[in-house]
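Subject: Structure handover

Hi,

Here is the structure I promised to pass on. Please open it next to this note and read the two together.

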Amino acid sequence: MAVLVPSPLPPFPHSLRWPTVGKYKVDIASFESLALPVLQVKEDTDLYIIDEVGKMELYSSAFFPAVLKVLQSNIPLLASIPIPKNGRDIPGVARLRNHPGAEVFTLSASNRDAVREQIYNKLLGLLPKQ
């Protein structure tokens, strides 16, 4: 959910201060204004879904603590995280991967259908019965 601005765009004066990941600049203030309110633990929430937790999100000092609060709640969290490259993991991602409540599924082109079914069944077991 990172707010991205491709670097080749003419720079806005305030965007010169934004951190860069690859060819993108990260607008941390906009990212936090979108992501952090949604990550507040609320009793009426049945499931959190976060697509791609990685380097860009590390620039927000509030994002990983908010995600950890969700992990510590009893509300299921489905998040995609990158596989460590060259044996090096992103520190915040490693904390999520190694959290006692985390279960990690590794996807590949050959196993994605079977793993999708495993994740689906796992979530069905975690979600409240309607």
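Which residues does V70 touch, not counting residues up to four places away in sequence? The model is predicted.

**Overall layout**

The protein has 130 residues, and 30% of them count as buried. Its secondary structure comprises 5 helices and 5 strands. Along the sequence they run β-β-β-α-β-α-α-β-α-α. The accessible surface is about 8,900 Å². Carbon and sulfur atoms account for 57% of that surface. Take the contacts between residues at least 6 apart in sequence: 62% of these join residues at least 24 apart.

**V70**

Back to the opening question. V70 touches L39, V41, Y48, I75 and L77, with residues up to four places away in sequence left out. V70 sits in helix α3. Its relative accessibility is 0%, so V70 counts as buried, the limit being under 20%. The C-alpha atoms of V70 and Q40 are 7.6 Å apart, while 30 residues separate the two along the chain.

**The nonpolar core**

The largest nonpolar core holds 18 residues. Those with the most contacts inside it are L39, I50, V53, F63, F64, V67 and L96. Four elements each supply at least two residues of this core: α1 (28-38), β4 (48-50), α3 (63-72) and α4. Helix α3 gives the largest share, with 7 residues.

F64 is worth a click. Set aside its neighbours within four places in sequence. F64 is then in contact with V53, G54, E57, L58, G92, V93 and L96. Two of these, V53 and L96, are also on the list of core residues with the most contacts.

**Salt bridges**

How many salt bridges does the count come to? The answer is 3. Here they are, one by one.

- D89 and R97 form a salt bridge, with the closest N and O atoms 2.9 Å apart. D89 is at 28% relative accessibility, so D89 counts as partly exposed.
- E103 and K122 meet through their side chains, at 2.9 Å from N to O. This pair links distant parts of the chain. E103 is in the loop between α4 (91-97) and α5 (112-126), K122 is in helix α5, and they are 19 residues apart. E103 is partly exposed, with a relative accessible area of 47%. K122 is partly exposed as well, at 37%.
- D113 and R116 meet in a salt bridge at 3.4 Å, N to O. Both lie in helix α5, 3 residues apart, about one turn of the helix.

Is R116 buried, partly exposed or exposed? R116 has 54% relative accessibility, and exposed means over 50%, so R116 counts as exposed.

**To start with**

Then go to F64 and its contacts, which include G92 and V93. Finish with the E103 and K122 salt bridge.

Best wishes

Conventions
Residues are numbered from 1 along each chain as its sequence is written. This is a predicted model: local features need pLDDT of at least 70, side-chain atom pairs count only at pLDDT 80 or more; totals for chains, interfaces and linings use all residues. Side-chain values use heavy atoms; hydrogens and water are left out. A salt bridge is a side-chain nitrogen of Lys or Arg within 4 Å of a carboxyl oxygen of Asp or Glu. Buried means under 20% relative accessible area, exposed over 50%, partly exposed in between (1.4 Å probe, protein chains only). A nonpolar core is a set of buried Ala, Val, Leu, Ile, Met, Phe, Trp, Tyr and Cys residues joined through side-chain atoms within 4.5 Å. Contact means heavy atoms within 4.5 Å. Accessible areas come from the Shrake-Rupley method with a 1.4 Å probe; for residues, only the protein chains shown count as cover.
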